[in-house]
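Please look over the structure below before reading the notes that follow. They are grouped by topic and written for someone new to it.

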Amino acid sequence: MTDTSPASMVDATAAEDVVAAPRDAVAGASTAALREAPHHRSWPLIGSSLAYIRDAHTFLRRLYECHGTVAKIDAFGTQCHFLFGPDANQFVLQNRGNLFENARWSYFIGPFFNRGLMLLDFDEHRLHRRIMNTAFAHDALLGYFDRMQATIASELDAWRPGQCLLFKRLKSMTLNIGSEVFVGQKPGSDADAINDAFLDTVQAATSLIRFDLPGGRWHAGIKGRRLLERHFRAALPAKRANPGPDLFSRLCEARTEDGDLFSDDDVVNHMIFVLMAAHDTSTITLSNLLYQLARQPAWQERLRDECRAIGPGALTFADLDRFEDTSLAIKETLRIAAPVPMLPRGVTTDCAFDGVRLPKGAMVATSAWMTHHMPEWWTAPHLFDPERFGPARAEDKRHPFLWTPFGGGAHKCIGLHFGMMEVKAILHQLLLRFRFTVPDGYVMPQDFTSLPIPKDRLPITLERLN
Ligand code: HEM
């Protein structure tokens, strides 16, 4: 296993400032001794784009097997240095010395998620995050939780047993939860248009044609963004005048102890980003979890027993801590299929990782997915085995940046607790109402066009329980 002893990492801006962490990340000052990143061979023009879209997981594994912890690829019209492993995650996400900037996300999603929290950096990011924190504080979560449970119950009342495309049902349910909890309104006639707009903005990220050509994914993403802006801008005055317990109101009212608050533009930009960040990641997590439970009936029964023991009624906030086996299964699902498989950054200052030069201006990316599947760190990483997270094995504790589905450092997911609360609340009601199965040997194909979703939308059979 990799040596994780503190020592050998020095950032380029402060060579004397040795930080506790990974191996072999070195000072930019002595870059002469460093190697260039191995350049992965690929097709002219399109580079490795199609290989990534066809099967990102196999592609990333191949990169690691061929080149080790650092590999440079051409894809989606740019070059990117992939950095693999927990040390790489720590180096980039902890970001001592501000060597990496999040603004580079703009290359993929800038026109669609302009000035979303994840795309801001350093002092500006810190200020916006401090304001936004109040919308994710404990009392705010309590309000969201109650509203959420009522929506989940009425959504599931409408589900019929039999075969269904589970991903579609879950996506529509998380959108409706978002309408209620984030926007504070019942899903209206424009719910489908908004759902489509989200999908278009997210799918646009990995367009091969990256300009506004009618009919293309980029074009659809731009149109989606405009629709979302119009929607939230129109609703803003009423929200400011009559705030409720929803996230939109909270963002309008949010302020730091120094009195800083968001402008109208900030509220609209943050709303669009947060809705996207919440909606797709939770849907993907739930789909992957239900897929695993459909394939592992023993685990499905174990979680159902836990839900029965907690009780059939509405959950209290304290009940969330009673989901012990469920928490293990969620963690394992997020390990096997991290909903955000790569995190891009821009290099602000010459630096290096594992003896390889990372020049100022380059794009780097860490990959939770790859790190979550390294056989050096995990026992049988391809197996769904929630107990690896239990106290007896605690495989994730082998390195502080080994399990990072929510990222880490300054940009670590602000909606982590919201997301876990939503997944548990949905799972609780779903397991008590339905048993679900997939045919023997079924393997869910993945669509990697953007965030990984089930290519076949996950056909699953639901059997109603009394
Ligand atoms: C299981 C569900 C989720 C996963 C796996 C997930 C994953 C992530 C990851 C990996 C990042 C870090 C991005 C980076 O470092 O570049 C992130 C950031 C973020 N997430 Fe989540 N997320 C989830 C749910 C949510 C939810 C429910 C919300 C909102 C309610 C949310 C809002 C955000 C926001 C606003 C950021 C940007 C934080 C910042 O830059 O300071 N996420 N998320």
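Phe-100 stands opposite Val-347, a residue of β7. The model is a predicted one.

**The five-stranded sheet**
- Strands β5 and β7, the latter covering residues 343-347, are paired in the antiparallel sense over two bridges.
- The open sheet has five strands, and their order is β3-β4-β10-β7-β5.
- Its pairing is mixed.
- At the edges are β3 (70-75) and β5 (100-101), each of which pairs on one side only.
- Helix α3, made of residues 86-94, lies across β4 (78-83), β5, β7 and β10 (363-366).
- The direction of α3 is at about 125° to β10.

**The three-stranded sheet**
- Another open sheet is formed by three strands in the order β6-β14-β11, with antiparallel pairing.
- Its edge strands are β6 (162-165) and β11 (434-437), and each pairs on one side only.
- From one strand to the next, the twist averages 35°.
- Four bridges join β11 to β14 (residues 459-464) in the antiparallel sense.
- Arg-435 has Glu-463 of β14 as its bridge partner.
- Helix α7, residues 166-183, packs on this sheet and touches β6 and β14.
- The directions of α7 and β6 make an angle of about 65°.

**Around the ligand**
- The shell around the ligand holds 22 residues, of which Ala-277, Thr-281, Gly-407, Cys-413 and Gly-415 come nearest.
- By type, the shell divides into 13 nonpolar residues, eight polar and one charged.
- Helices α11 (264-295) and α15 (416-433) each supply at least two residues of the shell.
- The most comes from α11, which gives six residues.

**Gln-292**
- Helix α11 also contains Gln-292.
- Apart from neighbours within four places in sequence, Gln-292 is in contact with Thr-333 and Phe-384.
- His-39 and Gln-292 are separated by 253 residues in sequence, and their C-alpha atoms are 36 Å apart in space.

Technical notes: Residues are numbered from 1 along each chain as its sequence is written. This is a predicted model: local features need pLDDT of at least 70, side-chain atom pairs count only at pLDDT 80 or more; totals for chains, interfaces and linings use all residues. A residue is near a molecule or strand if its C-beta atom, placed from the backbone, lies within 6 Å of it. Ala, Val, Leu, Ile, Met, Phe, Trp, Tyr, Cys and Pro count as nonpolar, Asp, Glu, Lys and Arg as charged, and the others, Gly among them, as polar. Two strands pair if DSSP finds at least two bridges between them. Axes are lines fitted to C-alpha atoms, for helices over the stretch in contact, and angles run from 0 to 180 degrees between N-to-C directions. Two residues are in contact if their C-beta atoms, placed from the backbone, lie within 7 Å.
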